[in-house]
Structure formats: C-alpha cells, structure tokens
Amino acid sequence: MSSSSEKITFQSSRFGQIEVLRSAVIELPFGIIGFPECRNYVLLEYNPPFSWLHSIDSPELAFVVVSAAEFGDNYSFALPVGDKDIGLKQDDEVAILNLVTVRPDPTLTTVNLKAPVIVNMANRKGRQLILDSQSFSARHPLWGKGEE
Amino acid sequence: MLVLTRKPGQAVYIGDDIRITLMEIRGNQVRLGVEAPSSVRIYREEIYLQILEENKQALQHTSEIPGDLSQVAEVWKSRKVSAISTNTPDNNPSSEDEE
C-alpha cells in the first residue's frame, strides 16, 4: 500500500470516529498558542468557507477557521520566509487560516486577524503567527460595519 | 529568572544569535532593541497573552454550535464580510515601535 493512501483514524467529541488520509494531517510544531502539546490537526471542510481545524490528539480540541482569502487584499502581511519550524521558502504555497470565535449570538462572531495560522502546503507544517506590529484585530467582526 | 543590570547602549546575548540592547531610557519607559534571526518570534507579552486568551475563547463556545457550522454559514450567506481598513482600532497599547 502506498503511503499516500494510508489512512488514520482519530476521535472527535463532536463527530465520533473520523478517518482521514495520513497525508491530510497538518503538523503545527508549536501547536496553537495556548495548546502547545497538540501538534497534529486535520482540516474538515464541512461548510466552506468555514472549516474545523480539528486536533487528532485531543477529541475536544477543534477550532472553527476561515480562509484568509475571504478578507481580500487589505488583509496582507509578510510571511515568515526562512522560518525553520515550517521550512517556508520564498514562493512556497501557503494556506492561511484564521480562527473564528463563535459566540452564542452568531451575529457577534469574530475572527482573529491578528494571529493567522500559516500552513506551508509543501510539507504541511504550520504555525500560528502573531502580527504584533500591525493593527489587525484579534476580534474582527465577521460581518457588519465592524466599528467598536 | 536571571536579572541583569544594563546601562543604555549595553546588550545581552541569549544563545548565540539573539541580542537584546538597552537603547535608551525615556522617563518610565525603556526602549529595547532585539536582534534575532527572522525565524525567531518576538512578541510584547501583553499581545501574546491577548492571543492566548482569544484562542481559548475561540475554543470555548465551539461545543455549543452544530458541527456542520450551519449557524455561522447561514449568517455568512446573508451578509458580507466586514471591511478591513489598515486603521482598524485595536485594544493594544499604542505602539511607536520601529521594525
């Protein structure tokens, strides 16, 4: 059996047992900030543009994410080229995901533009980057005028 | 914690490739210069803690929403994403930092 069709299974507290291709696993060497022990995730694209970034190490650990492409050209920043942990080289293809903070009232949902998750698609390694020097909000309203 | 005393212009090495220089003292503020490889992440602590807290918040409510994300998807379809301007106000302390 070739490694590209090898499957793994993991437990999800929301979805039960899930089977995915091993090649679909994304490794975050430092995890998501605040959850450093859980380093392996898969992206469950259940309702584009929203997905679950689901840990395969912890059944309850799953984040709602949205692709940064949804925010257009104003949402731009320098990528961590040269980062040894994700091995990012100039012109490598990346996926950029932003964590969504869902609230009981869905219209109050916000997205964290200040700390995107960058995934190097060449090796499927990623990290959450903090854009400390820029003024993007960690709680950008997902819709509406966005004024506080 | 290792505590060192420095005068303006003096520096500290952390490992072989991170150098922190005390640039100047201005009133009750100290300006620090950090030289490190670009792969080393440098964050003001309050920003790091803000992100840590926001990540925890992001996780907190997800157990209450349907797994198919239908709630957020519904609202998404009916409205447009709010505009991002580079002047978006934030709750951070004001930053006069140079790159």
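This is a short talk on the contact between two chains and on a few local features in each of them.

A word on the basis: this is a predicted model, in which local features need pLDDT of at least 70 and side-chain atom pairs count only at pLDDT 80 or more, while totals for chains, interfaces and linings use all residues. Residues are numbered from 1 along each chain as its sequence is written, chains are lettered from A and ligands numbered from 1 in the order in which they are written, and side-chain values use heavy atoms, with hydrogens and water left out.

I start with the interface. Chain A puts 60 residues into the contact and chain B puts in 46, where contact means heavy atoms within 4.5 Å. About 4,400 Å² is buried between the two chains, and carbon and sulfur atoms give 61% of that. Buried area here is the accessible area (1.4 Å probe) that two parts lose on being put together, summed over both.

Between chain B and chain A there are five salt bridges. The term stands for a side-chain nitrogen of Lys or Arg within 4 Å of a carboxyl oxygen of Asp or Glu. One of them joins B:R44 to A:D132, at 2.8 Å from N to O.

Which elements of chain B give two or more residues to the side that touches chain A? They are α1 (45-60) and α2 (70-78). Helices (H or I, at least four residues) and strands (E, at least two) are DSSP runs, numbered from the N terminus. Helix α1 of chain B gives the most, with 11 residues. By type, this side of chain B has 18 nonpolar, 17 polar and 11 charged residues. Nonpolar covers Ala, Val, Leu, Ile, Met, Phe, Trp, Tyr, Cys and Pro; charged covers Asp, Glu, Lys and Arg; the others, Gly among them, are polar.

Now to chain A by itself. A:P48 and A:P49 are joined by a cis peptide bond, with omega about 5°. A:P49 lies in the loop between β4 (40-47) and β5 (50-55). A:D91 sits in the loop between β6 (62-67) and β7 (94-101).

Last, salt bridges over all chains: the whole structure has 11. Among them is A:R22 with A:E6, at 3.0 Å from N to O. This pair links distant parts of the chain, 16 residues apart: A:R22 is in the loop between β2 (16-21) and β3 (26-27), and A:E6 is in the segment before β1 (7-12).
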